[in-house]
Amino acid sequence: LMLNLGISQVVPVLPYYATDSGLSAAGLGIILATPSAARLLVNMPLGRMADSLGRRPLMVGGTILTAIGILGTGVAMPYGLYALVPFRLLVGIGSASSMVGSGAMVADLSDAVPQHRARIMALQQAVVSCAWAGGPALGGLVAETYGAPASFAAAGVGTLLCSGGYFLLPETVRLRPAA
């Protein structure tokens with residue numbers, strides 16, 4: 001929830017920041033599209049990593065990368081498109097890592113109750129949807145009340161808290177010993 005809430009709450013702030021930074025509509029489009037493009041490129045390799053390294057390392061590492069990307073986006077906004085793209089790539093790579101790991105973990109946990117697997121997976125997606133439904137409103141409220149940088153700070157800190165929660169979870173995949 002916190003990962004997607006953190007990512008989604010900066011969405012309403014980006015256009016204002018982009019305008020203040022002199023970015024064009026195309027530049028804003030690039031900033032918004034970059035995380036999705038990164039996810040497309042890394043999802044399959046991350047799936048293999050989830051099976052070889054475990055789910056929890058991807059979840060913890062992914063949320064840390066995402067937090068760095070969100071915080072970096074907030075700091076780099078005044079410096080233009082070229083300063084922003086690396087941080088937006090981190091948001092995409094980190095969120096992909098976390099989502100692949102958490103999806104695999106939920107699948108592992110649902111092995112105990114295969115008759116409820118679809119309901120469990122649907123619940124996970126509902127939580128993600130709730131974050132995307134509420135995150136932009138929360139981000140806009142934080143930005144209006146405390147300023148745009150506060151929205152990025154809140155999103156980054158919230159995402160780091162998510163990483164701490166993931167760290168406390170047990171690993172659900174049995175890894176083979178190294179040969």
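# Reading the calls in a predicted helical model

This model is predicted: the protein chain averages a pLDDT of 91, and 97% of the residues score at least 70.

Q: Which elements mark the lowest and the highest mean pLDDT?
A: Helix α1, residues 2-9, has the lowest mean, at 79. Helix α4, residues 55-76, has the highest, at 96. Where pLDDT is low, predicted coordinates should not be read in detail.

Q: How do you know which secondary structure elements the protein chain has?
A: Count the runs: there are 7 helices and 0 strands. Along the sequence the pattern reads α-α-α-α-α-α-α.

Q: What makes the radius of gyration of the protein chain agree with a compact globule?
A: Set the two values side by side. A compact globule of 179 residues would have a radius near 16 Å, and the protein chain has 17 Å, so the two agree. The C-alpha atoms fill a box of roughly 50 × 35 × 25 Å along the principal axes.

Q: How many of the residues count as buried?
A: Of the 179 residues in the protein chain, 41% do.

Q: What share of the contacts joins residues at least 24 apart?
A: Take contacts between residues at least 6 apart in sequence; 81% of them join residues at least 24 apart.

Q: Why is A50 called buried?
A: The cut-off for buried is under 20% relative accessible area. A50 has 1%, so A50 is buried. This residue lies in helix α3.

Q: Which residues does A50 contact, leaving aside neighbours within four places in sequence?
A: R55, L58, V100 and V173.

Q: Why does S151 count as buried?
A: Its relative accessibility is 0%, so S151 counts as buried. The limit is under 20%. S151 is found in helix α7.

Q: What does S151 touch, not counting residues up to four places away in sequence?
A: Six names answer this: Q9, V10, V13, G139, V142 and A143.

Q: Why is V106 called buried?
A: The value is 18% relative accessible area, and therefore V106 is buried. Again, the limit is under 20%. V106 has its place in helix α5.

Q: Why does S21 count as partly exposed?
A: Partly exposed lies between the buried limit of 20% and the exposed limit of 50%. S21 has 23% relative accessibility, so S21 counts as partly exposed. S21 belongs to helix α2.

Q: How do you know that S21 and M77 are in contact?
A: The test is heavy atoms within 4.5 Å. Leaving aside neighbours within four places in sequence, S21 is in contact with M77 and P78. C-alpha to C-alpha, S21 and M77 are 6.7 Å apart, at a sequence separation of 56 residues.

Q: Why does L32 count as partly exposed?
A: L32 has 37% relative accessibility, so L32 counts as partly exposed. L32 is found in helix α3. L32 and P15 are 17 residues apart in sequence and 9.5 Å apart in space, C-alpha to C-alpha.

Q: What makes a set of residues a nonpolar core, and which members of the largest one touch the most others?
A: Members are buried nonpolar residues joined through side-chain atoms within 4.5 Å. The largest core has 24 residues, and L14, L23, I31, I70, M77, L84 and F152 touch the most other members. Helices α1, α2, α3, α4, α5 and α7 each supply at least two residues of this core. Apart from it lies another core of 6 residues, among them V42, L46, A96 and V100.

Q: What is L14 in contact with, leaving aside neighbours within four places in sequence?
A: L28, I31, L32, T73, M77, R88 and F152.

Q: What makes R56 a charge over the face of F167?
A: The distance limit is within 6 Å of the ring centre, and the charge must also sit within 35 degrees of the ring normal. R56 lies over the face of F167, at 5.0 Å from the ring centre.

Q: How many aromatic pairs does a search of the whole structure find?
A: The search finds 0.

Methods:
Residues are numbered from 1 along each chain as its sequence is written. This is a predicted model: local features need pLDDT of at least 70, side-chain atom pairs count only at pLDDT 80 or more; totals for chains, interfaces and linings use all residues. Side-chain values use heavy atoms; hydrogens and water are left out. pLDDT is the predictor's confidence in each residue, from 0 to 100. Helices (H or I, at least four residues) and strands (E, at least two) are DSSP runs, numbered from the N terminus. Rings of Phe, Tyr and Trp (its six-membered ring) pair if their centres lie within 6.5 Å; planes under 30 degrees apart count as stacked, over 60 as edge-to-face and the rest as tilted. Buried means under 20% relative accessible area, exposed over 50%, partly exposed in between (1.4 Å probe, protein chains only). The radius of gyration is taken over C-alpha atoms; the globule rule is 2.2 Å times the number of residues to the power 0.38.
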